[in-house]
Amino acid sequence: MASSTLVSRRGPGRPGSRKARRRDADLGRQRTLISPAQLGRPRGKAVYWIVFALVVVAFTLAFLGPLYWMVTGGLKTTQEVVQSPPTAFPSSIHTENYSQAWNVMDLAQLLFNTLYYAFGALAFQLVLDVAAAYSLSKLRPMFGKVILGMMLATLMIPATVLVVPQYLTVLDVPIFERNLLNSPWAIWLPSVTNAFNIFLLKRFFDSIPGELLDAAAIDGASPLRTLRSIILPISRPILGVVSIFAVVGVWKDFLWPMLTLPDPGKQTLNVGIYSLSNGVPTNVLIAALTIASVPTLLIFLLFQRNIMSGLTAGGLKG
Amino acid sequence: MSAPTLSTGKASAPPPGHHPRPTGPDSAREEFVRALRRNISAHGFLIGAVLCFSFFSWYPMVREFLLAFQKTEDGTTTWAGWSNLSYVFNDPAFWQAWRNTLLFTVLALVLGFAVPFVVAVVLNEFRHAQGYLRLLVYLPVMLPPVASVLLFKYFYDPGYGLFNRILEFLHLPAQQWLQDPDTSMLSVVIASTWMNMGGATLIYLAALQGIPGELYEAAELDGAGLLRKIWHVTIPQTRLILSLLLLMQIIATMQVFTEPFLLTNGAGPEGSTTTVVYLIYQYAFNFNNYGGAAALGLLLLVVLAGFSAVYVRLSRSSED
């Protein structure tokens, strides 16, 4: 699947150098900037461990520290959370902040809404974008190249520039004359216009050998059947990547759901918490932030390997 | 199999698995019917996505251009010529927004471009705990933006915030952070870098792992030290990825909205965090001036199109 990665990996080293890299080969990795010999010396070892310890401590503080502060901030009293100097440990544990945040900010509703929008968008993208990429890659209809070109051209238009005309379109969809404001369709349908995902899918489908499909066609399989029983099973890795992009995209979006879902009962987590953030005490707000962070952190910890490799395999979407 | 190069011309070609049949009087007709059926089913697969693109992408693109030259007063829309553009140019907030956006972009590049690269180079040397460190760097990317941004807002508070406490611990003077026009943009950039650096770091790491070890060995034989190895091997070998990410970050940071909007309610002290996209938002949704918003959007589009074009060229060349 070399063609599906922008970050192309160079092939394995030439056989002659293998001996020199035996130590690293044992570890299953290539040698890097610092030579193994240098690291093997006592001085090199000492420097390595000092730098390593410093980096581990600094990273833990920089990336877990704020999360620790968030979780414990939600446990403090209203006075303690805004006390100067702040306390590293809550002097008394107040778990009721969490239940208060859950009830006052109606987090269950916000969470449900966000999941509903995210997985709806995922379903729409998986069906429509996969079908489109399959058609463009394998069925190759008339004007297919033009359509693909027009889809890819949308990548050149900065998303924020289109927000205003897209919003006006949602207010009054031409031909159908519908107002999609406060409706999940306002999230789902525009999410399909993800040219990057179509591009990734098409590039992957292009790499599937045509002989496989020819064999299916000889057996009389319809295009839909071929897609279901040949293309999709082989394409699991790229479908995973596209799914992650789809869900995370909706989960992290802010401006678009703020504009199109103004009804407080229909808002996403991001928008709902933001719009209530000035009306609740700081400790309850921080408890709400903690709760809002749990679902994606759980998903991340469960699927970290797929998510992180999907990020680099999917190229440079970041 | 290589990518199909023909599409329109191929429409009349025999479908896969087609066996040559004896040519008869109606073979041409059969061929035509087959091609037609093939096209109908192929377009059937395409139609859903094409409709979505038409309504929510292509039509808004056209509309953006129209809006920029139209004016709506009392429900009637008329052509406005260049008046929207000249209105936008004469708005004092216009230049300030561009200055702020450029400041944000430059600061975000210094922090958000250099820091992930250095982090990736260091992490790539570690033989231990690499998985843990990668996990840490990527953790903030998975948080909902509202959680990280409001958390940083809490840390930035001059009174009870964590950051002034750290400065105090280091015997440095306390700052007003978001409330001071001189530091507000920097504060936004720090929060934004923390939230977003994970993606770039992982992409750099993948690129670094593709550098053949022999290159470093050869450089060592030539007597190169650590810095020279970075300068002559690491950077040239990752140049393409570096330049792609640089362009992508320029394009993304020039469209910044969420972070300043959540941290400083958009404008910030003395308008010091008003960005171009926030100004577009204000025009459209606070002043109901869609024409002005579209004109401003068009200007942003023109500026970013240059960067996008370079990006597309570079990423094409990377695929060969």
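**Entry 1. Annotated spans of chain B**

I looked up residues 40-59 of chain B in this predicted model and found the span to be 100% helix and 0% strand, with its end C-alpha atoms 24 Å apart. I then took residues 102-123 of chain B, where the end C-alpha atoms lie 31 Å apart and the content is again 100% helix and 0% strand. Both spans come from the UniProt record, an unreviewed entry, which annotates "transmembrane region" at residues 40-59, 102-123, 135-156, 185-207, 238-257 and 290-312 of chain B. The record also carries "domain: ABC transmembrane type-1" for residues 98-311 of chain B, likewise from an unreviewed entry. Over residues 98-311 of chain B I read 76% helix and 0% strand, and the end C-alpha atoms are 22 Å apart.

**Entry 2. B:T101**

I located B:T101 in helix α3 of chain B, which runs over residues 92-125. Is B:T101 buried or exposed? B:T101 is buried, because 25 other C-beta atoms lie within 10 Å and the cut-off for a buried residue is 20 or more. Setting aside neighbours within four places in sequence, I list B:M254, B:T275 and B:V276 as the contacts of B:T101. I also checked B:P269, which is 168 residues from B:T101 in sequence and 15 Å away in space, C-alpha to C-alpha.

**Entry 3. Chain A**

I counted 16 helices and 0 strands in chain A. Of its 318 residues, 41% are buried. I noted that, among contacts in chain A between residues at least 6 apart in sequence, 73% join residues at least 24 apart.

For chain A, UniProt (unreviewed entry) places "transmembrane region" at residues 46-69, 115-134, 146-165, 185-201, 230-251 and 284-303. Residues 46-69 of chain A are 100% helix and 0% strand, with end C-alpha atoms 33 Å apart. Residues 230-251 of chain A are 95% helix and 0% strand, and their end C-alpha atoms lie 31 Å apart.

The domain assignment divides chain A into domain 1 (21-103) and domain 2 (106-276). I find the C-alpha centres of domain 1 and domain 2 of chain A 36 Å apart.

**Entry 4. Confidence in chain A**

The average pLDDT of chain A is 83, and 88% of the residues score at least 70. I marked residues 1-28 of chain A, where the pLDDT is below 50; this stretch has 40 contacts in the model beyond near neighbours in sequence. Where pLDDT is low, predicted coordinates should not be read in detail.

**Entry 5. Where chains A and B meet**

How many residues of chain A are in contact with chain B? I found 99 residues of chain A in contact with 101 residues of chain B. Helix α16 of chain A (residues 282-313) supplies the largest share of the chain A side, 13 residues. By class, that side has 64 nonpolar, 25 polar and 10 charged residues.

**Entry 6. The largest nonpolar core**

I recorded 160 residues in the largest nonpolar core; A:A288, A:L289 and B:I280 have the most contacts inside it. Helix α7 of chain B (residues 184-209) gives this core its largest share, 16 residues. The core also draws at least three residues from each of domain 1 (21-103) and domain 2 (106-276) of chain A.

Not counting residues up to four places away in sequence, B:I280 touches A:T160 and A:V164 in chain A, and B:A293, B:L296 and B:G297 in chain B.

Key
Residues numbered from 1 in each chain as written. Chains lettered and ligands numbered in written order. Predicted model: local features only at pLDDT ≥ 70, side-chain atom pairs only at ≥ 80, totals over all residues. Core = buried A, V, L, I, M, F, W, Y, C linked by C-beta atoms within 7 Å. Buried ≥ 20, exposed ≤ 12 C-beta atoms within 10 Å, placed from the backbone. Helix = DSSP H or I, 4+ residues; strand = E, 2+ residues; numbered from the N terminus. Domains from an automatic or database assignment. Contact = placed C-beta atoms within 7 Å. UniProt positions renumbered as here; feature names shortened; annotations may be inferred. Nonpolar A, V, L, I, M, F, W, Y, C, P; charged D, E, K, R; others polar. pLDDT = per-residue confidence, 0-100.
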